[in-house]
Amino acid sequence: MTQADGTMKTEKKPFKPERITSAKTTQWLSNNKQLIGIFSVLILLSVFFSFSTSSFFTTGNMLNLLQQLAPNLIVVVIMTLVITTSGIDLSVGSILSLASALIAVLLSARWDSFFAFVFVLIVGAAVGLLNGYIISYLRIPPFIVTLASMIYVEGCALLITGGYSISISGSSWLMSLGGGELFTIPVSAIIAILIIIIGWIILTQTRFGTYIIGIGANEESVRRAGVNIKKIKLFTYMFSGMIAAFAGIIIATRLGSGSSNVGTGFEMDVIAAVVLGGTSLFGGIGTMLGSVIGVFLIGIINNGLTLMNVSPYIIQIIQGAVLLFAVIVNTYFFGRNKKRN
Amino acid sequence: MTQADGTMKTEKKPFKPERITSAKTTQWLSNNKQLIGIFSVLILLSVFFSFSTSSFFTTGNMLNLLQQLAPNLIVVVIMTLVITTSGIDLSVGSILSLASALIAVLLSARWDSFFAFVFVLIVGAAVGLLNGYIISYLRIPPFIVTLASMIYVEGCALLITGGYSISISGSSWLMSLGGGELFTIPVSAIIAILIIIIGWIILTQTRFGTYIIGIGANEESVRRAGVNIKKIKLFTYMFSGMIAAFAGIIIATRLGSGSSNVGTGFEMDVIAAVVLGGTSLFGGIGTMLGSVIGVFLIGIINNGLTLMNVSPYIIQIIQGAVLLFAVIVNTYFFGRNKKRN
Amino acid sequence: GCSSNSGSSGSGSSGKKITIGLVTVNTEAYFFTESIKGAQQEAKSLGVNLIVDNPNNDPVKQSNDIEDLVNQGVNAIIVDSIDVKGVIPAMEKAAKAKIPVISIDAIVNSKAVSTQIGVDNAKSSEQLGEYFNSYVKKNMKEPVRMGVVGALNSFIQVNRQNAFLNTVKKTPGLKIVNIVDGKNVQQTAMNAAQNQMIGHPEMNTAFATGEPALIGLAAAVKSQHIENKIAVFGWDLSKQAIDGIDQGWVKAVVQQHPEQFGSEGVKAAVKLAKKQAVPKTINAPVTIVTKSNVDQFRSLFK
Amino acid sequence: MNDIPRIAMKDIKISFGSIQSLRGVNLELYPGEVLGLVGDNGAGKSTLMKVLSGVHVPDSGSIVFEGNPITIHNPLEAKKLQIETVFQDLALCDTLDVASNLFLGREPVHFFHRLIDKKKMHALAKEELDRLGVVIPSTYSAVENLSGGQRQSVAIARAVTYQPKVLIMDEPTAALGVKEVRMVLNLIKKVKETGVSVILITHRLQDLFEVCDRITVLYEGKIIDNRLIKDFTMDSLINSITGEVKEAK
Amino acid sequence: MNDIPRIAMKDIKISFGSIQSLRGVNLELYPGEVLGLVGDNGAGKSTLMKVLSGVHVPDSGSIVFEGNPITIHNPLEAKKLQIETVFQDLALCDTLDVASNLFLGREPVHFFHRLIDKKKMHALAKEELDRLGVVIPSTYSAVENLSGGQRQSVAIARAVTYQPKVLIMDEPTAALGVKEVRMVLNLIKKVKETGVSVILITHRLQDLFEVCDRITVLYEGKIIDNRLIKDFTMDSLINSITGEVKEAK
Ligand SMILES: Nc1ncnc2c1ncn2[C@@H]1O[C@H](COP(=O)(O)OP(=O)(O)OP(=O)(O)O)[C@@H](O)[C@H]1O
Ligand SMILES: Nc1ncnc2c1ncn2[C@@H]1O[C@H](COP(=O)(O)OP(=O)(O)OP(=O)(O)O)[C@@H](O)[C@H]1O
Ligand SMILES: [Mg+2]
Ligand SMILES: [Mg+2]
């Protein structure tokens, strides 16, 4: 117990310098192994489909795919944030349905496009806010809270449509959200890309994102660091509701109709994409890029198999098998933590 | 650094003995606060429905409820185990569909009831085994694995039924699984109760159950204790598949028909019951009794509201709201960890 | 705009075998399965390619499937719409690419549709309603208490439900005890129907809007042992429904001829692809199946 | 000791279910003082400190901060009072990198205060860790991959760099090597000189004699001894901790 | 020291991503010997012990156990060789109760070996903990509610009751009170007498001089010193650990 007062330590150990240098790139690579894995699988599948069917790798089909996947791409961004906090939002599908129904009803009632648009977003945000409040302030598990929301929101959509689909007419700027194009690129796809970039920035470059990851890793630690974790969770779920409503508007304007069941199963598609992309359902690890690739992977499997004219009776079997194959390749060949057995 | 060699310690501190005594009952109560909460909610709702509608609290309705919920009660037992390991099994609904379709097809093909029964269970177990293998040996997240299984198993069900619903006839013992009664009590309910008891014993009284909880709490710790965690997970998912198939047979024999979509949404019902009951989706905490109460809670909400003649257009809204109310009462008023703010 | 090239190149290749796309609703219900079968048989006999897509009840996926077919450059597309309004933009894309669209079953009001082949669900349901009214007049003295098992997530079935209910209103003293949502799943429909029967022991008639609802309703009737006090009406035959007709408690079932949708659809599609004229609407008949004519359907459900 | 205490906790009680962890604790801490808090395992030391840092809200009792009665409802309020804590369980976020953990809750920002200035953050983190003499493979590694001692060093560095008025260290040296322990002790001496009050919880009794002004002994949720360091010898301290000094007091 | 070593590890190498944690380590352990393993934070001590207890599979290198070359693929195989470990992170299951953690993997059973004999398990657990002098509120409490020292005591009790041939203790006394540390040291002496080989990792150097026969010093993933305890003084040990003794060796 004599020795050294610390400040002179770093100089004293010259003989293994590479252990101390901050290996940023290597770190990134090893953190993102999974990302490389799933990206390789995506490329693999794309190449396979390109060879199997000539119509796959055409500009037309690619743009088409972009437009089809735009709502998923938009919602996957916020879902990635939600899941990174170790939460989940099962209500996005219903909110999407409700939004599509509501915008149709409002436009039929001759509301101004802008007000209708804003109102629907507010309704989505309100549902999300309620979710967030119950989850963060009353501390009830997100799964059960958003499941309950999913049920009652779907009920609301059913109530306002009466089970029918309601057509949307008019060709305002609102309609171009779903169906419009800008230099042949679907407007919805452009919006999706913008939202993805914003989401990526939030997750990786802002305090909000850091706290989201931290909450997923160890909520109590973030709380002890003096962060208002309740507010962060509240906002995350609120945004989730709002963005789901936005996606609902896009789908409604694309279909030219609102109905209470357009969002059925949507939440599962999105959650699957997030998990496939490498974000952990247990929180603390989130990758925006992975989620985006996840959406494309699932989308391409559907699109490619359809273009290949696989019989509808076996298409699901192949979809499931390909998905399984994709994750196995991804995790097994580009796997993490090989030290354990 | 002089003092005491430990063995004489307990005697040396007489002045606060109540801190050392093993407070088993208090411990149980504080561990099961949540259970008491959800049970109170169940009673509350039952009382409410009894007063609102005379047909609710009748033997007929209660037996009816038991029979309706039997498949859920059966599957919730294994789902509780799966979720306690911090896993999830999304494929139970599809396996249930497949089993219902398969038993119908086999019986139509004049297979012996017993062999058909066993064969279907084996198919279910095989799907579960594959899930378990990929999850535990290839270490791929259960969510995505069982999601893929859900898709391809549903595809298989579709393929073998060709989309038709296939009627089951004959009045062998097999048919009594779904529709039979023993002293006015539905056979399926008796089976469910047996399985619940077995499940409870496994979870709380056996090594297997302890390891399941341990895996959920800290998989690595259980592994370091020398337990073959892969085998445990493998078996858990295998049983999950098998039991789902069993529930499928019960549903098919009750409906008198097998079809590829009877299990749609079933997995969510079951998972919701488990979570509602107080089992954590993050694993390590599992309560069989809670899950059973969860099934009844969800079932009673549906049953009671229908008996009360709630319009189908708003029934979902009320269902969602009641569910939300139930968890809020449960967690907030019987909440854990009041020390935190 | 982007897909016009591939579309025209597809229809221009007259030397190649004609390819027709069929986008159905799902492959789980008898109705759609039969229509696919009819289409496949017709395609075989006419020597054309048939691509079948299954959007599995998802209207968004259905639109995507249609767009995918447009991209593939098929010669004609047959659609059984899930959302009769939501499907229009995708159909318009097809029309823009000069691909004829044949709408079967559900009626789509759009210029993009070249030919409509269908059953008017509302009209057929009204027919069943009239049958119900006359049945009640003849056979039932006690006040009519009716339970409905529907599928609110299906537009077509909501349509049938409302048309039926509108028609049976004419029966004096009729009261709807309740409408329950079977969600197009047999097991759900059965539980809902059972709850309904327990809640309303006075219920003496029931209406189911589709195949899963009717099968679930039938199972519920059997498990509650009320075969001798209930009269069941509904849509879409099944083995259970035929058994019920034989036992006398199922009174009438609307049966469509879905295989005709398929075969007529393919016929029209091939003609349109060859630029031949096809009538704007082709009607497919329905049959109200009762004890008197059930024998001719028995062979379908063995 | 100075005039008014920086912190005075009065009759703090807290229980978890059937377990009474604190059974009426009074504790005073003066500016520029290093207080050693010792006691057996399970005596309630960590619980008491969690009350002070806002992690637990006590069942009863009051806290006076620089003469003003206050209540600390959550960790943020404690931070606002400049009470910083090195928790026994470290309270790190495993999947975040070293720099993010170090600056959790007060990340340097740029771009209209919207984005984290990552470059600056990592540079500052490296500087801070170097200054404390902590060797860490990289400020970009996730803390879950660090060794036990490295993790503890990160937690210490975090608390210190906040420039606290009150610094609570709950067994900060448990996993540390010889040199690192030295560094922590020197650090305590240094911050004490700037007027910081320090509460040091440790089972390494010899360290207490080196840095503490006063020692408080907790025993089964009660304070049973509280004297200036000069009134203790190693042996009398051990006797006090093990609860055998009651008569001597 | 006896004839053949109980364990001989040869040229063990392991790296995680870009970090080389062990860069060729040779280690021998004889029956009835207490070996002190020391080194700076992050030197690789825990990693080396994880290799020995089957947690990590090394990238290269070999292990000889009582003369037979073996490979340890997983913790179960290590347990079969009667290698027991107190891990630095304790490896407890937070939501399981104390008794279940203590007997994890070898619960006493009854009823045709199907059910856990809970009564017996809790009684045995109480006995075992009492014997070691550990005070725990109840064997029914979940370990997540225990204090740091109580948790560590449970982990120690677990490893010891297995009657190992090799007992690895990775900083077992880090969170322990004075008395408990004493208890652990006495325990080590006791098991040593029965022929158990012990590897003790600790930063409390004075403890080493009390119980160890030999000390091995790890520095940045390599062994840089390995001598009998009598060849060390406190100062020379510190010099060795901090890597300043290379010339003296
Ligand atoms: N959240 C909790 N729930 C239940 N009991 C708790 C909780 N936190 C602490 N305890 C109990 O309170 C008592 C005091 O714990 P505390 O962690 O304060 O001890 P400590 O003095 O810090 O001990 P150590 O030196 O081992 O860290 C222990 O018996 C512990 O089991
Ligand atoms: N799973 C892992 N992934 C990446 N790096 C790791 C991993 N485990 C250990 N390391 C690194 O290996 C080095 C040695 O770690 P180890 O835990 O063996 O140190 P130690 O000697 O036990 O230190 P301490 O005294 O602080 O416990 C450290 O630099 C650590 O960051
Ligand atoms: Mg403590
Ligand atoms: Mg270590």
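Reader: Let's start with one residue: does E:Gln88 count as buried, exposed or partly exposed?

Author: Buried means under 20% relative accessible area, exposed over 50%, and partly exposed in between, using a 1.4 Å probe and protein chains only. At 24% relative accessibility, E:Gln88 counts as partly exposed. E:Ser46, with 17%, is buried.

Before we go on: this is a predicted model, where local features need pLDDT of at least 70 and side-chain atom pairs count only at pLDDT 80 or more, while totals for chains, interfaces and linings use all residues. Residues are numbered from 1 along each chain as its sequence is written, chains are lettered from A and ligands numbered from 1 in the order in which they are written, and side-chain values use heavy atoms, leaving out hydrogens and water.

Reader: How do I read a metal site, and which residues coordinate the magnesium ion (ligand 4)?

Author: Look for donors: N, O and S atoms within 2.8 Å of the metal (3.2 Å for Na, K and Ca); water is not among the atoms, so sites may look incomplete. For ligand 4, they are E:Ser46 (OG) and E:Gln88 (OE1), at 1.9 to 2.0 Å. The two sit 42 residues apart in chain E: E:Ser46 in helix α1 (residues 45-52), E:Gln88 in the loop between β6 (83-86) and α3 (98-102). Helices (H or I, at least four residues) and strands (E, at least two) are DSSP runs, numbered from the N terminus.

Reader: What are the protein donors of the magnesium ion (ligand 3)?

Author: That ion has D:Ser46 (OG) and D:Gln88 (OE1), lying 1.9 to 2.1 Å from it. D:Ser46 is in helix α1 (residues 45-52) of chain D, and D:Gln88 is in the loop between β6 (83-86) and α3 (98-102) of chain D, 42 residues apart. D:Ser46 is buried at 18%, whereas D:Gln88 is partly exposed at 24%.

Reader: At what angle do helices α5 and α6 of chain C cross?

Author: Two packed helices are described by the angle between their axes and the distance between the axes. Axes are lines fitted to C-alpha atoms, for helices over the stretch in contact, with angles from 0 to 180 degrees between N-to-C directions. Here α5 (residues 121-139) and α6 (residues 155-168) of chain C cross at roughly 35°, their axes coming within 8 Å. Contact means heavy atoms within 4.5 Å. Residues making this one include C:Leu128 and C:Phe132 of α5(C), and C:Ala163 and C:Phe164 of α6(C).

Reader: And chain A: how many helices and strands?

Author: Chain A has 14 helices and four strands. Of its 341 residues, 64% count as buried.
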